[in-house]
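Reader: Hello! Could you take me on a close look at one part of this structure, and then show me how its surroundings are put together? I would be glad of the cut-offs behind each term as you go.

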Amino acid sequence: MKPHRGRPPGGPGFDEKEGSTMKQAIAGLVRWTGFGAMQRFLKARRGVTIVVYHDPSPETLREHLRWYARRYSFTTLDAVATAMETGRWEDLPPYPLVVTFDDGHRNNTALAPLFREFELRPTIYLCSQVVGTARPYWWKTDAAGAIGVERLKQVPDPERRRLLAEAGNDPDRDGADRQAMTWDEIARMTDVADYGAHTRTHPILLQCDDRRCAEEIGLCRIELEEALGQPCRHFAFPNGDFSEREVEQIRHAGYRTARTIDPGWNDADGDPLRLKAFPVSDDVSVDWLSVQLTGIPAWLRKRKAAATGPGEADAAQWSGAMAKPKSAGV
Ligand SMILES: [Zn+2]
């Protein structure tokens with residue numbers, strides 16, 4: 001099977017102003033035509049919607065949760081996994097929605113009061129060798145900025161580590177400030193959040209050899225379960241990248257689900273080890289959030305990534321302007 005790349009590489013730079021005008025036009029069109037509401041009725045009434053955040057501010061997330069609460073029923077990944085395993089899809093509420101957060105950013109702790117207020121139980125996917133340390137999220141370092149995050153995603157894993165270390169931000173050593181939650185903070189949120197695995201160190205799994213890949217997937221679960229004292233049965237692919245090898249290793253490691261960032265809804269006959277999800281930009285307006293949940297921006301990003309011929313450069317530029325999340329995580 002062809003490797004599956006979740007987050008298409010960023011294309012040529014785009015004019016921010018043109019991008020925002022395009023966004024407004026698309027948002028207006030989606031509202032005017034009722035396309036978003038129609039999609040919700042046709043796809044999201046029974047299909048599970050999963051949204052992916054990284055490090056949103058409490059103020060932005062509050063607006064988003066208020067918007068979701070009027071349209072969806074919050075549910076958990078465990079409930080979705082059980083419905084898939086038993087076939088009792090009717091046990092899920094109508095318009096089921098699962099909120100997820102990737103990486104374990106330290107500011108996620110500020111979101112706990114919102115989880116209580118809106119009565120949702122999100123899944124936070126943790127990197128077991130980054131949380132509880134001052135090791136950096138490598139794509140947020142100065143070294144990654146200088147080398148280029150997209151370039152680093154495309155080199156073999158040992159080379160990525162070497163390049164980052166040589167540029168002054170060794171991903172395996174503590175940085176000046178911690179970027180991740182501490183184990184204490186994680187433990188304090190177990191009453192409002194579930195925890196899943198996001199590998200040990202957040203490599204691009206497709207760039208790892210078999211052994212490293214198996215360790216990143218399998219040991220992450222063991223380390224998280226030891227630290228948390230509870231089962232950890234859900235996985236999310238870093239950068240949304242996977243191939244058949246990763247899915248097999250996830251199955252072998254005993255996970256119940258694995259979440260991609262392929263846009264779409266999850267039905268009773270979906271694959272629990274390839275759950276679809278909508279990436280949401282951390283700082284997006286509610287207007288644009290409603291557009292992101294139609295799947296159009298993610299579809300345009302894929303289309304842009306596929307557009308390689310010179311004749312398609314304009315289309316790529318346009319769709320990039322509309323679809324590129326401003327604060328894309330990895
Ligand atoms: Zn991540």
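Author: R135 counts as buried because 22 other C-beta atoms lie within 10 Å of its own. Buried here means 20 or more such atoms within 10 Å; 12 or fewer makes a residue exposed, anything in between partly exposed, and the C-beta atoms are placed from the backbone. The model is a predicted one, in which local features need pLDDT of at least 70 and side-chain atom pairs count only at pLDDT 80 or more, while totals for chains, interfaces and linings use all residues. Residue numbers start from 1 along each chain as its sequence is written.

R135 sits in the loop between β4 and α6 (142–147). Helices (H or I, at least four residues) and strands (E, at least two) are DSSP runs, numbered from the N terminus. Beyond its neighbours within four places in sequence, R135 is in contact with Q129, V130, P171, D172, R173, D174 and G175; contact means C-beta atoms, placed from the backbone, within 7 Å. D172 is 37 residues away from R135 along the chain, yet their C-alpha atoms are 6.4 Å apart.

Strand β3 (residues 96–103) runs parallel to β4 and is joined to it by four bridges, with F101 opposite I124. Strands pair when DSSP finds at least two bridges between them. β4 (residues 123–126) also pairs with β5, again in the parallel sense over four bridges, and there I124 stands opposite Y195.

β5 (residues 194–197) is covered on both faces: D194 and G196 are buried on one side, Y195 and A197 on the other. The loop between β5 and α10 holds T199 and also H202. Most residues other than glycine have a negative phi. T199, not a glycine, has a positive phi of about 75°, and H202, likewise not a glycine, has one of about 65°. T199 is buried because 27 other C-beta atoms lie within 10 Å, and H202 is buried because it has 24.

Next comes α10 (residues 210–228). Just after α10, G229 takes a positive phi of about 70°.

One word on confidence: the chain has a mean pLDDT of 88, and 89% of its residues reach 70 or more. pLDDT is the predictor's confidence in each residue, from 0 to 100. It stays under 50 over residues 309–327.

Methods
Contact = placed C-beta atoms within 7 Å.
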